[in-house]
Amino acid sequence: MNSLYANARNETERLWRRRKTKGFALVAALLPLLSAWALRALPEGALQSALGGDLAMLMLRLLTLILIPLFLMMTAADLFAGEAADGTLKLTLLRPVTRAKVYASKIFALSLFAAALLAIGWIVSTAAGVFVAGAEAADGIAESLKAYAVSWLPMIAIGLLASVVGLLVRSIAGGMAIMLLVYLAAGLLPFLFPQASIWSVVAYAEWHVRWSGAGAPVGSLVRAAGILLAYCIMAYTAGVVLLERKQL
């Protein structure tokens, strides 16, 4: 347990030291501020129409559909394909820690920063929303917090799937190309075959909508959560097996 904790802490610190991580955190904070500044200049009627009731919810769509998936794909490619190519992963495996724990540590760090981006987005967009819309925006704080919280699960699923691809390829560029193609294909699947949308992970990037207001029926939420958890379990297991068998 101590080796797992130490390795997870090390991976988290290393990931934070990367410029990409800090850059994505900065973008997550700046987007709501820039949006609030732009919306502030609109007339009141146009402002209400543009906000659709809540700036935080608008930013959440941008975060879960574009920014965080892009961060997860780029980081997964760096953590696995990149480190395998430059020999860093081989050095990591020389430590007295199992490969399964190394993988768990990297996934922990990846998931932690996905949660951090969601937290940054919620805090800044909520504050910006109050600045733009006034006290009325405060009424939706609890609702938006719930939406941001439940969005973490599909982000973890996307990160785990990206990690599997990162373990299968030999280069960062190749990994990113495959991840983007798979992500775009999964995003188009619900439009081409609506009946298959239940199996598309990307379709769950906006599953916070199901929790809004009265929300979807409990059975629907449980089924969706079960599918996401199944994706997480299968992808995590596949990642552990691939790292155990990977020749470095």
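Which residues make the nonpolar surface patch of about 370 Å²? I found L26, L30, L33 and L34. I took a patch as residues with over 30% relative accessible area and no salt bridge, nonpolar side chains (Val, Leu, Ile, Met, Phe, Trp, Tyr) being joined within 5 Å and like charges within 9 Å. A salt bridge is a side-chain nitrogen of Lys or Arg within 4 Å of a carboxyl oxygen of Asp or Glu. Accessible areas follow Shrake-Rupley with a 1.4 Å probe, and for residues only the protein chains shown count as cover.

I noted that the model is predicted: local features need pLDDT of at least 70 and side-chain atom pairs pLDDT 80 or more, while totals for chains, interfaces and linings use all residues. Residues are numbered from 1 along each chain as its sequence is written, and side-chain values use heavy atoms, without hydrogens and water.

I placed L34 in helix α2 (residues 19-40); helices are DSSP runs of H or I, at least four residues, numbered from the N terminus. L34 is exposed, at 51% relative accessible area, where exposed means over 50%, buried under 20%, and partly exposed in between.

G87, with a positive phi near 90°, follows α4.

L62 lies in α4 and is partly exposed, at 29% relative accessibility. I recorded 9.3 Å between the C-alpha atoms of L62 and L31, which are 31 residues apart along the chain.

Technical notes: Helix = DSSP H or I, 4+ residues; strand = E, 2+ residues; numbered from the N terminus. Buried < 20%, exposed > 50% of the residue type's maximum accessible area, 1.4 Å probe, protein only.
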